[in-house]
Amino acid sequence: AKCGLDGNFDKGEMVPFGPIEMNPSSGVLNYGQGLFEGLKAYRKSDGSILLFRPLENAMRMQTGAERMCMPAPPVEQFVDAVKQTVLANKRWVPPTGKGSLYIRPLLVGSGAVLGLAPAPEYTFIIFASPVGNYFKEGLAPINLIVEDKFHRAAPGGTGGVKTIGNYASVLMAQKIAKEKGYSDVLYLDAVHKKYLEEVSSCNIFVVKGNVISTPAIKGTILPGITRKSIIDVALSKGFQVEERLVSVDELLDADEVFCTGTAVVVSPVGSITYQGKRIEYAGNQGVGAVSQQLYTSLTSLQMGQVEDPMGWTVQLN
Ligand code: PMP
């Protein structure tokens, strides 16, 4: 679709999944002018389909598009396009408890530029795929390694938005970690190399007694929608939640650590290796009680198994 800077995207069309044409001189291929979102559709036990907080993804794309010098589709148009994509792919939404349909909206600078500048035209695409558990461990605890040599994002950079370039910086660190047998990398801040930031594709939480702490949003980590949801769920369960600087030293005497994200949902962390030392949680066997409780609360909401007092789910049919 062609658009002006006011973000008037045309109606678009539904086409079979497959390769698309892209100008070799496009903003996205040359200068990384691309932004994406990720959300899931779950099937309820009665067969109907629920989307989880699509408006949040629509709004995050607006913020990200501004940072990337692009117009974004208006929020209603974004949500409507997501709904239509899911309805057109209904048969790919797995049965309750067997996974979900992952939906990937993409906004790219598709117009031609040669000198470094925002592209003059933009394309908004949505594709979808059924998915199961993100980590091969399934719901079992994952093992992380703290990386202080590689960083995801620097202050003033693009770490706070879901731009494709953030993931380019992660590829090598994550590959090395996986080759060493870890599930993923936990990044520290690029300035002090001391404060927790996030994992390659999820946010991190540290549990100590009744207090659940997570790094504050300061422009270098992604404001996760699952993060925000888990904070509200935890508060409603009577936990104290702190959004602040969380030092890597706090990992040493935490009771539990878990990650949150659309793909990973709530993933308990069994161990974290930092400067050659391995710290284990919940005996590294079972899942910590707090992680388990929050996982169950969130997933039962997402799958429509309990009342949704927050109004987070959107029923499709
Ligand atoms: N951090 C990063 C770097 C991510 O890619 C994601 C996944 N979008 C998250 C955190 C979690 O965000 P959300 O809960 O919105 O999926």
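## A Buried Glutamate in a Strand

E198 is found in strand β8, which covers residues 196-199. The model described here is predicted. Is E198 buried or exposed? The count of other C-beta atoms within 10 Å of E198 is 24, and a residue is buried if this count is 20 or more; E198 is therefore buried.

Which residues does E198 touch, if those up to four places away in sequence are not counted? They are Y187, N203, I204, P215, I221 and L222. Y187 stands 11 residues from E198 along the chain, with 5.6 Å between the two C-alpha atoms.

## Two Residues with Positive Phi

K193 is not a glycine, yet its phi is positive, at about 55 degrees. This residue belongs to the loop that runs between β7 (184-188) and β8. K193 has 14 other C-beta atoms within 10 Å. A residue is exposed if the count is 12 or fewer and buried if it is 20 or more, so K193, lying in between, is partly exposed.

V265 is also a residue other than glycine with a positive phi, near 55 degrees. V265 lies in strand β13, residues 265-274. Inside 10 Å, V265 has 22 C-beta neighbours, and it therefore counts as buried.

## Overall Form

The protein contains 7 helices and 15 strands. Its radius of gyration is 20 Å, close to the 20 Å given by the globule rule for 317 residues, so the protein is as compact as a globular protein of that length.

Of the 317 residues, 43% count as buried.

The protein is divided into domain 1 (27-131) and domain 2 (142-302). Their C-alpha centres lie 24 Å apart. Across the boundary, 19 residues of domain 1 are in contact with 12 residues of domain 2.

On the side of domain 1 that touches domain 2, two or more residues come from each of β1 (34-36), β2 (39-43), β3 (49-52) and α2 (54-67). The largest share of that side, 6 residues, is from α2. By class, this side of domain 1 has 7 nonpolar, 6 polar and 6 charged residues.

In soluble globular proteins, nonpolar side chains tend to be buried together. The largest nonpolar core of this protein has 73 residues, and those with the most contacts inside it are A41, L107, L144, L186 and V257. Helix α7 (residues 289-302) provides the largest share of the core, 5 residues. Domain 1 and domain 2 each contribute at least three residues to this core.

What does V257 contact, leaving aside its neighbours within four places in sequence? The residues are I204, F205, V206, L251, V269, I272 and Y281.

## Around the Ligand

The ligand is surrounded by 13 residues, of which the closest are G224, I225, T226, G261 and T262. At least two residues of this shell come from each of α6 (225-236) and β12 (256-261). Which element gives the most to the shell? It is α6, with 3 residues. By class, the shell around the ligand divides into 3 nonpolar, 8 polar and 2 charged residues.

Conventions:
Residues are numbered from 1 along each chain as its sequence is written. This is a predicted model: local features need pLDDT of at least 70, side-chain atom pairs count only at pLDDT 80 or more; totals for chains, interfaces and linings use all residues. Domain bounds come from an automatic or database domain assignment. Two residues are in contact if their C-beta atoms, placed from the backbone, lie within 7 Å. Helices (H or I, at least four residues) and strands (E, at least two) are DSSP runs, numbered from the N terminus. Ala, Val, Leu, Ile, Met, Phe, Trp, Tyr, Cys and Pro count as nonpolar, Asp, Glu, Lys and Arg as charged, and the others, Gly among them, as polar. A nonpolar core is a set of buried Ala, Val, Leu, Ile, Met, Phe, Trp, Tyr and Cys residues joined through C-beta atoms within 7 Å. The radius of gyration is taken over C-alpha atoms; the globule rule is 2.2 Å times the number of residues to the power 0.38. A residue is near a molecule or strand if its C-beta atom, placed from the backbone, lies within 6 Å of it.
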